[in-house]
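Visitor: Hi, I'm new to this one. Could you walk me through it?
Guide: Happy to, let's bring it up.

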Amino acid sequence: MISLLVLSRKKEESIMIGENIEIKIVKIEGRSVKIGIIAPKGIRVLRKELYDEIKKENIEAAKNTVLISFKDITGGVKFENKS
Amino acid sequence: MVKIQKIVTKFGELEIDEENLIHFEEGIPGFEKHKNFVIVERKESEPIKWLVCIDEPNIVLPVIDPWLIRVDYDVKIDEGTIEMLEIESEKDVLIVCVLVIPPDNPKNMTINLLAPIVINVKNNQARQLIMEGSEYKIRHKVNEEIKRSQKILLKKV
């Protein structure tokens, strides 16, 4: 079970997650906060809304998997495979 | 020694050669717990291919070579992904993008160009790359992109 840990930080203060991830409050401007993140290259750091949108899109894609004919949709147009 | 697994999918029973298993260490957004997939091809639906989850064969995502739809598609693979998938050469990289096909109106299918699936064919490690900040969107209309690509190709002639 995941629980939400809530910490109060002031500008310039940081939070460590594990040994390799640091989250720093860089600037506080009105209603928004600039957050600096130091994390190993392999770890994906993303705005949550973007991740959620992609998640939603993948789930949507998995719903509709009728074996359709691509030609019916594109009129048989083909291109050279670049890769 | 080659191991073969049999799974039952909506395409019927498939024999999967373990060599063709694609491993997503992080899973895929929406299916984070599912790490093992295989790409299935069917003549009837070519060039659309199917990314089938081995552990949960009801999970199937339609995918396609994005350059068939957007000729000038540009995928920038970040260092983190290169390291994670141990990519040694551009030649070892296979890229497919996920399609959303509305069942009532398949002509309006869309392709996710913002988050391509990157596969290192040398070791079968894969990840769905999210190109935040790129010009691409999660939903590009396939028929519009094809028209645009055609115009580009005609200009080059």
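Guide: B:Asn120 stands opposite B:Gln125 in β10(B). This is a predicted model, where local features need pLDDT of at least 70, side-chain atom pairs count only at pLDDT 80 or more, and totals for chains, interfaces and linings use all residues. Residues are numbered from 1 along each chain as its sequence is written, chains are lettered from A and ligands numbered from 1 in the order in which they are written, and side-chain values use heavy atoms, with hydrogens and water left out.

Visitor: How many bridges join β9(B) to β10(B)?
Guide: Four, and the strands run antiparallel. Strands are DSSP runs of E, at least two residues, numbered from the N terminus, and two of them pair if DSSP finds at least two bridges between them.

Visitor: Which residue takes a positive phi in that hairpin?
Guide: B:Asn124, with phi near 60°. Four residues lie between the strands there.

Visitor: And what is the bridge partner of B:Ile95 in β9(B)?
Guide: B:Val118. Strand β7(B), residues 93-100, pairs with β9(B) in the antiparallel sense over four bridges.

Visitor: New topic: how many residues does each chain bring to the contact?
Guide: Chain B brings 53 residues and chain A 32 residues, with contact meaning heavy atoms within 4.5 Å.

Visitor: How many salt bridges go across?
Guide: The rule finds six, each a side-chain nitrogen of Lys or Arg within 4 Å of a carboxyl oxygen of Asp or Glu. A:Lys41 and B:Glu83 meet in a salt bridge, at 2.7 Å from N to O.
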